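Thanks for making time this morning. Before I say anything, please take a moment to look over the model on the screen.

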Amino acid sequence: MSLLAALSGLILGSFFNVLIWRLPRGESIVAPPSHCTSCGRKIKPWENIPVLSYILLGGKCAGCKEKISIIYPLIELFTAAASVALWFLFIKNTFTGTVSFSLSTAVLVQALFLLMMIPMSVIDIRHYIIPDLLSVTMIIAGLAVSFLPGSTTPIQSIIGILGGGGILYLIGWLGTVIFKKGEAMGGGDIKLMAAAGALFGIEISLMGIIFGALLGSVAGIGMMCFKKLSADHRIPFGPYLGAGIWIAVLAGRTIVDAYLSFVERIAAPF
Ligand SMILES: [Zn+2]
C-alpha cells in the first residue's frame with residue numbers, strides 16, 4: 001500500500017506541475033495537452049512519466065533542448081514522499097478493520113487537500129496568489145463530504161468555514177487598522193483557512209492559523225536578521241498556513257495537550 005501511495009503521489013505531483021504552471025496564467029488545466037513551455041512542442045506520453053522522463057531526457061526538451069527546471073521532478077518526488085507520509089500517519093488508521101465508504105471518501109478528500117498545500121505553496125511563493133480553483137473548490141468539497149456520515153458534520157463544516165476564514169479576516173483587518181498598511185491578509189489566505197475549516201472543523205483550522213503564524217514569524221524574523229530583509233517586504237503567507245495545517249492535523253492535539261500540561265505544571269505552585 002505504501003508503494004501505491006508513492007506511485008499515486010508521483011502521478012499527482014505531475015498533475016500539480018500542470019496546476020503550478022497553468023493556474024496563475026489563467027490557462028485551462030485540461031486543454032491544450034502538455035506542451036513544452038518554450039517551443040510549444042507536444043509532449044509525447046513517454047516524455048511525461050514523472051521523474052523518469054526528466055532523467056531520460058537529461059533535463060532538456062526533446063525538441064528545442066531548452067532546459068527543464070529541476071523544480072518539476074522535485075515536486076513529483078516531494079508529493080510522492082508526502083503521500084507516503086500521509087499514508088502512514090493519517091490514512092492507514094482509517095483503513096484498518098471494516099472500511100466504511102463514506103469515511104474513506106472523507107479521509108481521502110482530506111488527504112488530497114493536505115497534498116494540495118504543495119502546489120498552493122509554490123504558486124503563492126512565485127505569484128503571491130492562491131488560486132480559487134485550489135481554495136474554493138476545497139471549501140465546496142469539504143462541505144459536500146460533510147454530508148457523508150463518519151467525518152465532520154455539515155454544521156461543524158459550516159462553523160469551520162466561517163470560523164477559519166473569519167478569524168483570519170479579522171486578523172487581517174486588525175493588521176490594516178494597527179499598521180495602517182494596505183491589505184495585510186490576502187483573500188486567498190482567508191479562503192484557504194475556510195477550506196481547512198470545511199474539511200477538518202474549526203479546531204484544526206484555528207490551530208493551523210496559530211502554527212502557521214508562529215512559523216511565519218520565526219521565518220520572517222530569521223530572514224530580517226540574516227538577509228537584512230526590509231520589514232515591509234512582501235512575504236507569502238500561504239506556505240506557512242499550509243505547513244500549519246499539516247502540523248495541526250497530524251500533531252495538533254498532542255501539541256496542545258503537552259502545552260496545557262506544561263502550563264499546569266508551571267502554574268501548580270501558585
Ligand atoms: Zn521545447
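What you see is a predicted model, in which local features need pLDDT of at least 70 and side-chain atom pairs count only at pLDDT 80 or more, while totals for chains, interfaces and linings use all residues. Residues are numbered from 1 along each chain as its sequence is written.

Let me begin with the largest nonpolar core, which has 52 residues, and of these Leu 114 and Ala 195 touch the most other members. By nonpolar core I mean a set of buried Ala, Val, Leu, Ile, Met, Phe, Trp, Tyr and Cys residues joined through C-beta atoms within 7 Å, and buried means that 20 or more other C-beta atoms, placed from the backbone, lie within 10 Å of a residue's own. The largest share of this core, 12 residues, comes from H4, helices being DSSP runs (H or I, at least four residues) numbered from the N terminus. Because domain 1 (1-97) and domain 2 (99-270) both give residues to the core, it lies between them; the domain bounds come from an automatic or database assignment.

Now, where is Ile 130? Ile 130 sits in the loop between helix H4 (101-127) and helix H5 (132-145), and it counts as buried because it has 28 C-beta neighbours inside 10 Å. Gly 188, although 58 residues apart from Ile 130 in sequence, is 4.9 Å apart from it in space, C-alpha to C-alpha.

Finally, helix H8 (residues 202-226) has buried residues, among them Ile 202 and Phe 211, and the buried residues of H8 pack against helices H6 (154-179), H7 (187-200) and H9 (238-267).

Key: A residue is buried if 20 or more other C-beta atoms lie within 10 Å of its own, exposed if 12 or fewer, and partly exposed in between; C-beta atoms are placed from the backbone. Helices (H or I, at least four residues) and strands (E, at least two) are DSSP runs, numbered from the N terminus. Two residues are in contact if their C-beta atoms, placed from the backbone, lie within 7 Å.
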